[in-house]
Amino acid sequence: WGGREGAPYSTLVPSDEVTINYRHGLPVITLTLPTRSERCQFTVKPVVTTVGAFLQDVQREDKGIDRAEVFATDGSKVSDATLMEVLLMNDFKLVINNTAYSVSPPVKDKLSSEHATEMEDIKSLVHRLFVALHVEDHQIRKERELLQKVDHLKGELLPLEQMKARIMDSADAKTSRLLWVGLALMSAQGGALAWLTWWVYSWDIMEPVTYFITYGSAMAFYAYFVLTKQDYIYPHAKDRQFLHYFHRKSKKQHFNVERYNKLKDDLAEAEESLRRLRQPLHLRLPIQEISDKD
């Protein structure tokens, strides 16, 4: 087995010259520095330290090292960007100047349940500290975004609100006129029946007429129920007629009701998110989850 082409090494040293032990969960690599001929220990953090960073630490410790590389057992060079955690999973060759050290990392014992629980607690604590240090900046940025969104939605809604107000006034006026017309017709009907009963005919003749008028009214109310699936209740009938005039007027003036409702829903959602965001900002409480549908 040899080094890569163009960079051979002349000596292959047994694996006991470079040892790896675990202390407090971290690997400690012990090797002999070529210039000073003394043993030196390097503690690495496998999840963040790369092979290149480890080799740079070795070269900084001994200025007489001109070449420091790592090769896999099949002869391929290990990239400097490889994490030490990946490297320590298998055997490898550490080349320092012209000497190659055969390294066999020990199999790391599995963490006990207590140690694993302790590590999870530490990770959770680090996460909470990170959130505590950065959540306020995130909240401020989120608040600024929500304020800009609210202003934008209000700007789009302003002309629609003005048009809606005009349409509502027109529909309300027509609905009121219809109610007054209905009252006038009922008053005229009552007056006509009274005039026919006391001045033209007798009650014996008018009684069947009033009966059929009442029966016809009952049929009309039943027909209203069949068509609308609602009882004929005066407030509901008034609202239904108002909506009929409103939508008819909206089509004539090209008022997009669906777009208006969508903007209103988006504005209500943004204002609610802003309210929920500002509450923990003022009270210094953990922020509640906000659904981002942007």
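A residue is called buried when its relative accessible area is under 20%, and exposed when that area is over 50%. Please keep in mind throughout that this is a predicted model.

Let us apply the term to the aromatic residues. The structure holds seven aromatic pairs. One of them joins Y211 and F212, with 5.3 Å from centre to centre and 75° between the planes, an edge-to-face arrangement. Y211 and F212 are both exposed. Another pair is made by F255 and Y260: the ring centres are 5.6 Å apart and the planes stand at 50°, so this pair counts as tilted. Are F255 and Y260 buried or exposed? Both are buried. F255 and Y260 also belong to a cluster, in which ring pairs link them with F242 and F246.

The phi angle of H254 is near 60°, a positive value in a residue other than glycine. A positive phi is also found at N97, where the angle is near 55°. N97 sits in the loop that connects β6 (92–96) with β7 (99–103).

I turn now to a sheet. Three strands form an open, antiparallel sheet in the order β2-β3-β4. Strand β3, residues 26–33, pairs with β4 in the antiparallel sense over six bridges. In β4, R39 is the bridge partner of T32. Helix α1, residues 51–61, lies across β3 and β4 and runs at about 145° to β4.

Finally, the annotation. An unreviewed UniProt entry lists residues 178–197 and 209–227 under "transmembrane region". In the model, residues 178–197 are 100% helix and 0% strand, and their end C-alpha atoms lie 28 Å apart. Residues 209–227 are likewise 100% helix and 0% strand, with 27 Å between the end C-alpha atoms.

Thank you for your attention.

Note on methods: Residues numbered from 1 in each chain as written. Predicted model: local features only at pLDDT ≥ 70, side-chain atom pairs only at ≥ 80, totals over all residues. Heavy atoms only, no water. Helix = DSSP H or I, 4+ residues; strand = E, 2+ residues; numbered from the N terminus. UniProt positions renumbered as here; feature names shortened; annotations may be inferred. Pairing = 2+ DSSP bridges. Contact = heavy atoms within 4.5 Å. Axes fitted to C-alpha atoms, helices over the stretch in contact; angles between N-to-C directions. Phe/Tyr/Trp six-rings, centres within 6.5 Å; stacked < 30°, edge-to-face > 60°. Buried < 20%, exposed > 50% of the residue type's maximum accessible area, 1.4 Å probe, protein only.
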